[in-house]
Amino acid sequence: MARIGAATETVGTRDALARARLRASLVPDLLVEARRVVNTVISGWHGRRRRGIGENFWQFRPYVEGEAVSRIDWRRSARDDNQTYIRDREWEAAHTVWLWADPSPSMLYKSVGASVSKESRALVLVLALAELLSRGGERIAWPGLTDPFGARNGAERLSSHLAHATALPERPDLRAVRRFSDVVIASDFLDPPEETMAWLDVLARHGARAHLIEVADPAEETFPYSGRTEFRDPETGERLTAGRAETVAEDYRSLYLARRAELQAWCRRLGWSYTVNHTDRLASEALVRVHLSMGEPSLIGMHA
Amino acid sequence: MSWLPLSFGVPAVLWGLLALPVIWWLLRLTPPRPQMELFPPLRILQRVLKKEETPYQSPWWLTLLRLLMAALIVLALAEPIFNPRDRVASGDGAMAIVIDNGWASAPDWELRVATAERLIEDAAATGSPVVLAMTADLPNADIGPFDADTAHDRLAAAEPHPVSVDRPAIFARVAAAIEPLPNPAVAVLSDGLEAEGDAAAFQRLLAPASSLVWIAPDDLPILGTVSVENRPDEFAVTAVRAADPMPRQANIVALDEQGRGIAETVLSFGPGETRASAAMAVPFELRNDFSAIIIDGEEQAAAVRVLDENSRRRRIGLISQAEADQAQPLLSPLYYIRNALSPFADLVETQSADLARAVPQILQQKPAMIVMADVGTLPDEAHQALVDWVEGGGTLVRFAGSRLAAAEHDEDLLPVRLRTGERSLGGTLSWTEPQPIVGFPDTGPFSGLPAPSEVTVTRQVLAEPSSDIVERTWASLADGTPLVTGDRRGEGTLALFHVTPEATWSNLPISGTFVEMLRRIVQLSRNQGAIAASGGENGQPLPPYRMISADGGLVPPTPEARPLDFSAGEPSVTIENPPGLYGGEEGVVAHNLLPRDATFNPIARPQTPLPITEASYAADEQVDLKGPLVTAALILLALDTLAVFWMGGLFSRRAAMRPRAASTAAAGAIAAMALSILMLSPGPALAQDQDAPPPATQQQEVSDAEAIDAISRTRLAYVVTGNSSVDSVSRSGLAGLTRFLTSKTALEPAEPAGVDIETDELSFYPLIYWPVDAGAPMPSDAAIARVDAYMQAGGTVLFDTRDQYSTSLDAGSSPANRRLRDILDDLNVPPLEPVPEDHVLTKAFFILNEFPGRYAGSPLWVEASLNAESRQDRPVRVGDGVTPIMITGNDFAGAWATDSDGAPLFPTVPSDPLQRTYAFRAGVNIMMYMLTGNYKSDQVHVPVLLERLGQ
């Protein structure tokens, strides 16, 4: 029987530089793919729906003593004999979105049923979001790699940072994330949910809103193994032999789904979003959902 | 296989044992190399998968177990038969086989036949003639010599008879038969019971014999009933057995006419006892229903004892001389006696008042007891007959009266000498008081009866005082004079009541004590001989009625049974007069096997100088070893399964693992069952495929189940177009609307259903959402017709072209729109109009002015309500019916579609949360309109109605 899953990584050195180089060679392709995905999504990014500093007209309102005279809209005021009006603009404060994709070796996994590896999918999603957000004028950042920056070509800049990074930590340092920021984390979340919650808890404490994207390989979810099988963990190298793998499939699936359900419930409780993207499905599905959940927060509780 | 008493039905299968080394090699083989797999979620897998390494080699004992199992299966398939047979008789001369087939052989007759078979086979091996004789057969039965085949046939036809063996006669015939034969061997298959004349019979038999094969049973477990006795207060059964140091118990059951057990008791033999009695203390009414007494579990004739009238109700003859006046029955001397005795006795009366004729008539019935009420002097002939009868065991009860008081003394028929005349107590001319009874002496038959306080005696006859008057007194009055006296005469009993049998001399006859006293006396009595149903007096034989079979059952008469002839005294039990009931419907006589004094003595081996071979009864035990071998293999299989479970650490798993273990165990059990079926079936087992019932039935059942499922809860339905993306959007859209409905309204629909308009039943659903997809194949005419029928029957189809966005400039030219036109061409579409402002749809639940979906702007087309009146004072136009069709281009499903968390799947265009809310509200309104119709337009009349009611 052909093997079901394999790591996309070439066997050989585990040198950090080689991996970075590999990743760097991967990034331009992913950037193109991310652009293509982004183009399929209609940008529904809107202003803050409050008056404030921005470019678009929001409302006229009567001038109140003490306000800057320069803000008076004289054209509108001329039509009224009694009042002087001020033109308010919609507040379009740039928003900071932290993006992070899991670089751990387990993300390199790709099964025969999947079209891309999990890391590839995670990077595509994150870069696509970077492209989308920087087009919308948001400030994006990669924890541990860049500070928040706003640029039209945010995705390119992020990818060049990624390409030149030598060693990426297993877990990002999220303490720099401030309140009202959005955090997008693409990972496979295969650790026990308690551990995941523990290292993401700092976000909840800082008041940031996180969008977790679980990139899942179909083989991990359906467990299509049978017969005598030896499983190897790509991260720890630990081995486990199952005499008849099909006998544990049912239990494994329920545990796997229970982990996901637990994370989902936790996210819902915190007002976060949790999106599952299988690598045999389209990246745009997850992109639309994440984008929706970033854009229309009020809708989440509406129909549930 | 001469060294083992084993033979194989299919020896070729034994070559399968050669496979054992191969199996051994396979079992010793290492387990297969595991498939190497990379698996990131290993930590999750770790929680379900214990370290489950199959060891490099199975342990030696497990290999041995499996090899043993394989060997057992191979051996079982070879159908081994264990046959411990050995040759009994040596010698090559003629063989005479004498079998006891009396009643004692019946329980293990098969064993005797099997033993005889072996002897015949031995004889057949040497080709010598066989003399086959049965000791309980007809004396003229053919005994041979036969060849082996004929002997086999005759042996197969032989059966035990419920009679005792007759050894002398048969042995003599056998001896005569073997005398001319050379070198004859005699085999005696005895039943183990000694019989009369054994010694002489054996001497005669063995005279011409050259050798003796002696076969006797090792023990004699048989029981026989020798007597039954209907005692005053119980029914006693006596049984015998052969000498045995062990105690034994047996169940005695009494059967009624229909063979039902109506009473039971336990009979216990003490250690070493050969005779035991048991009593059934049951009411006499029940006892009279007994027709047979059997020993439970004994399947032979001696354990059954049939009962006839003699052991049941007594016949009692009544004789009176003052029976003439029938007009005053209470004054009749026999009236109270008759009433007292009739429940438990048969009364025999005579019509003749002439004692010379009446007494012989009564005696002819052989009564147990004769009651004579105030009979004074008997004619000489009758007197002598009565005396003889009493001497022979009869019980004569006499009552006093004026006639007796005046009669001469009758030494033979009165227990005491009487004074002539009677004594009067308590009369008007007497000082004395009427005397009560003071009690019953313990020696008499009335012992234990309570003394009746209400009974007084005013007149009586008096006994002459004598030295033995006290012994003869059964009851006495307060002044010491006897009231009832009794004495024995020969075998019989005489009793005299010193008062009259009617209530003139005392009130004893109308008291309950009188009945009890008579019953005691009746129970003393015994029937004097069997009454011949068809006149036993002239010795006419009685035909057989019900026979006791050899195995202890009651059967119709066999052809050999001859009528029972009493002319030559008590007939004996013979093959021609087997035990049982003789007679007919109107009366039977029991003819029982064992006499009262029968004993079971084990037969002794005859003393003879001949060579004796002793053997025991044993069948050719052709033990089929296939079953035990398969059982052993199955047990090993179970052990193997348990061992595998144990090695797999299954028993130390958590409880959560149970289902899997159970399923594994179940699979193992099924495999074992399959194996056992394979093994035990004689031929190739054709497993019937019961999992596949006829397809038509299944189809029908499934569709019924689906129908029940579909109509038990309201569901939204969508048309499956075949385009998976459209269908999944429809499904999640309707699911989203379902959730919205559940949370906002009282309607709680079930999961939405996808319908295939070509095949599925549509009428289950109030509304069918049909996303028109130009890419999907055009529905067939039949499907369109079904949709048409659905719409005509009251259903509504919501067509959604989902093209508002693309056709805003050029309406009506999008592919979906053209497809919709194609579809509608074949439907009976009513005139349409966009939803007017005052349509019920706008007010069915929410108040809506527009019906947006994912897109906004396309109107919702409904059936035009042309004749509906629109009045200014009404907020809603009045009209009946629900529109059968709705058409929109707004892509409702896209707006309603949410994932399981309730988060929307598609952004609205333009992206406006409020538009999504309106889309959901539009869906609610449509659904409410579907389910409630124009109810809302009626509801608006409520204020007017309330006003009219004066509220």
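Reader: Among the elements of chain B, which has the lowest mean pLDDT?

Author: Strand E34 (residues 767–771) of chain B has the highest mean pLDDT, 90. Where pLDDT is low, the predicted coordinates should not be read in detail. The lowest mean, 48, belongs to helix H16 (residues 658–680) of chain B.

Reader: How many contacts beyond four places in sequence does the model have for residues 653–667 of chain B?

Author: Over residues 532–538 of chain B, pLDDT stays under 50, and the model has 15 contacts beyond four places in sequence for them. Residues 653–667 of chain B also stay under 50. For residues 653–667 of chain B, the number of such contacts is two.

Reader: Which strands of chain B stand at the edges of the open sheet, and why is one side of each left without a neighbour?

Author: Nine strands of chain B form this open sheet with mixed pairing, in the order E16-E15-E17-E18-E25-E24-E23-E20-E21. An edge strand here has a single partner strand, so one side of it has no neighbour in the sheet. The strands in question are E16 (345–349) and E21 (456–457) of chain B.

Reader: Within the pair formed by E24 and E25 of chain B, which residue stands opposite B:Gly486?

Author: Strand E24 (residues 482–489) and strand E25 (residues 492–497) of chain B pair over six bridges in the antiparallel sense. The residue of E25(B) opposite B:Gly486 is B:Ala495.

Reader: At about what angle does helix H11 of chain B run to E25(B)?

Author: Helix H11 (residues 380–391) of chain B lies across E18 (395–399), E24 and E25 of chain B. Its angle to E25(B) is about 115 degrees.

Definitions and conventions. Residues numbered from 1 in each chain as written. Chains lettered and ligands numbered in written order. Predicted model: local features only at pLDDT ≥ 70, side-chain atom pairs only at ≥ 80, totals over all residues. Pairing = 2+ DSSP bridges. Helix = DSSP H or I, 4+ residues; strand = E, 2+ residues; numbered from the N terminus. Contact = placed C-beta atoms within 7 Å. Axes fitted to C-alpha atoms, helices over the stretch in contact; angles between N-to-C directions. pLDDT = per-residue confidence, 0-100.
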